[in-house]
Amino acid sequence: MVTFHVHAKVLALVLILFQPCLPFLHADTAGHHRGVHLQSQQAAALLQWKSTLQSSPSLDSWRQGTSPCSSNWTGIACDIVRRGNRKPLVVTTISLSNTGIDGRIGELNFSALPFLTYIDLSFNNLRGEIPLAITSLPALSHLDLHSNLLHGKIPSETGNMIHLRVLEISENNFTGRIPPSLGNLTTLLALVIHQSMLYGTIPEELGKLTSLKYLELSSSLLSGQVPESLGNLTNVRLLHLPENELSGPIPSSLGNLMNLIDIELGENYLTGGIPTSFANLTELEALILSDNQLIGSIPVTLTNLRSLTQLYAFSNLLSGALPPDFGNLTNLVALSLANNSFSGELPSHICKGGNLRLLHLTDNRFITGPIPRSIEKCTSLRSLSIGNNHITGDVSNLGPYPHLVIADLSRNNLHGHLSKTWSSSINLTELDASENMIAGSLPPELSNLGKLQLLILHSNNLTGSIPPELGDLHNLYKLNLSRNQLSGHIPPELGQMNSLQYIDISINKLVGSIPQELGSCTNLQSLVISHNSLSGDLPVTIGNIVNLQILLDLSDNKFTGSLPTQIGNLAMLEFLNLSHNQFSGSIPSSFGSMASLSTLDVSYNNLEGPIPMGRLLHNASTGWFLHNKGLCGNLSGLPICPSTRTMEYHKARSHSLVLAISIPVCIVIIFSTFSVLVFLHKRKRPQKATVTEIRDVLSVWNFDGKLAFEDITRATENFSDRCIIGSGGYGTVYKAQLQGGRLVAVKKLHPTEEEMSDDKRFLSEIEVLTKIRHRSIVKLYGFCSHPRYKFLVYDFIDRGKPSRYLGK
């Protein structure tokens, strides 16, 4: 019985040792029966799959009549399988990553490839679900399907692949839950499921994967708590669970992962504090806890993690003072604690190791103390962001920072001046020192920062002029110098900044006019120059800035002259503010074609005339046009334009004119016969009409004595206002007593272009009127047609108006 037991144990041991070879022995037996047909069957399976692919440019080497093992098929590798005394080659590897394959993975007959140990089909356009035939491959140890278009659920049969060491199925469209059966893959070294649509909790069974070194379950919809069982993965080196919907506290059991070098739990809903057990992670290099709801302070014991290079805990609810021993972290490269509620002073030796490249402490409550000297002289910095705190200190001592790319010092209590040292930061792309108490002038040496894209210095006490040298910043796209005490002119050199998109130099003491060169900044989207003392006419080149889209604000200056019609070219502009200036003339009609304009404020100017018609008026506010000289239009609160009244007046006048013409014509017809008879009678006694020409046309008909032009002008005292007895729409009537004592009424006509241009017609009509006699018509004695005067001489009626008698 003992011998039997010994032999049984030996047999069991042999079976255990040779268990990985059993699939090959089984396949060998099958291959023995099939003989040389094995390779042809594998080739047929691969060629059949190729024929179903929509695109397979890299598989041209897969040809009928060739062998995948002896003909160097792309992506195919073979190995020897022991078959008794024979060692045939069989396909063991399919490696076709990023080869442009487009088709369905399920079309490949994996059952015909039972010896596969390695499959890499990543970065292709494979579709469909994971075939169950893959889960039946007994020797498969590496399966990489990431970055495809696969969908469906992860088969629970995947847990049967007991030889699997790498499972990478990231960046697909998998849904459902993570199968708990994956906990059976005890030989698994890497489990990577990134960027999917998996939901549900992380299975506790994953805590059984004690061989695991890399666990990533990120960018999905996983919820619930982080399992305590993950603390059993003592061999894990990287634990990545970010960008999910995980909640609850961070398990203190994660402090058992002594080999951990990278833990990422950011962008979840984790609560509670940072576990003090993390102090045990002495190999830890990266701790990422950002974008959660963690509370409490940073454990002092974390400063013992001498291998730590990255600590990201921004956007949490952390508070308290920073551990003063941050200087112990001499290997620290990146420290980001922004958007929390930390208080107290900045650690004095935070850059002690000289390796710090990123320091982000914005949006906290640092309320005391200056900027530590270790930061002032931290030449390794690439990104310095300490904005929106209450940090004090003198910025004059900052730098040099030869490697600095981003500097955010905004919204603090910093003072001093910007030194020339900043010009040595030649890699700087963003400089924001706004909302401080920085004084002095802008260093012209800032023009050396050829890579600068943002220069934001608003809300300080800067004085002096804007350096013309800033025009050399050809990569600058945002310039904000508003709310300072800058004076002088706007440099024409700013027109050289062809990348500029945003300018705000408002609320300063700038004088002079807007340089026409500013119209060369054709990429501008927003231009704000309000609240200065700028004057003069607007340059017409402002209409060249056709990309102005957000805002053009020139309000509260002293601009004069008319508004350029070229402003109407700014078809993309949404807000236009020209208020509180001294513009005159009318609003150009071209403004009505500005289709994107939603606000047009021209109030407090000297503008007059109609407001432009267009889509803007549908939602226009009366306040945009108030306090001008005489703007009008079809808008509530504004007077109707005279053009509308004139149209009504001319319409009424046309009716009156018809009546005015009809009545005299009728009278002329009635008395025409009488006139002819008189003419025939009088031609027997010819009379001469005396016409005196003194360098002009003068005609006066005789009555009881001879009228002369000089007599008329004398009698009216050269048409003095004292002789006026009436006036009308067509002339002024004067009372005149001639030398013979006769009283006459002299009607001097108002000059009109029509009468001046047709003297012949005027004379012929007057001649007819002088010959008409009727009791209802006042007698016309004569007239005068002169370049200076046209007047008619009537009989004087001293008992009222002729209309009184005509009415009878």
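**Strand pairing and a buried aspartate**

Q: How many bridges join strand E46 to strand E47, and which way do they run?
A: In this predicted model, strand E46 (residues 724-727) and strand E47 (residues 731-737) run antiparallel and are joined by three bridges.

Q: Which residue in E47 is the bridge partner of Ile724?
A: Tyr734.

Q: And how many bridges between E47 and strand E48?
A: Seven, with E47 and E48 (residues 743-749) paired in the antiparallel sense. Among the residues involved, Ala736 has Val744 in E48 as its bridge partner.

Q: Switching to the open sheet of three strands: what is the order?
A: The order is E42-E44-E45, and the pairing is parallel.

Q: How many bridges pair E44 and E45?
A: Three, in the parallel sense, with E44 covering residues 606-610. Cys632 in E45 is the bridge partner of Pro610.

Q: New topic, Asp432. Which strand is Asp432 in?
A: Asp432 lies in strand E29, residues 430-432.

Q: Is Asp432 buried or exposed?
A: Asp432 is buried, yet has no salt bridge.

Q: Which side chain of opposite charge is nearest to Asp432?
A: Arg411, 5.9 Å away. A salt bridge would need a side-chain nitrogen within 4 Å of a carboxyl oxygen.

Q: What is Asp432 in contact with, leaving aside neighbours within four places in sequence?
A: Asp432 is in contact with Ala407, Asp408, Leu409, Ser410 and Ile456.

Conventions
Residues numbered from 1 in each chain as written. Predicted model: local features only at pLDDT ≥ 70, side-chain atom pairs only at ≥ 80, totals over all residues. Heavy atoms only, no water. Pairing = 2+ DSSP bridges. Helix = DSSP H or I, 4+ residues; strand = E, 2+ residues; numbered from the N terminus. Buried < 20%, exposed > 50% of the residue type's maximum accessible area, 1.4 Å probe, protein only. Lys, Arg positive; Asp, Glu negative; His and termini not counted. Contact = heavy atoms within 4.5 Å.
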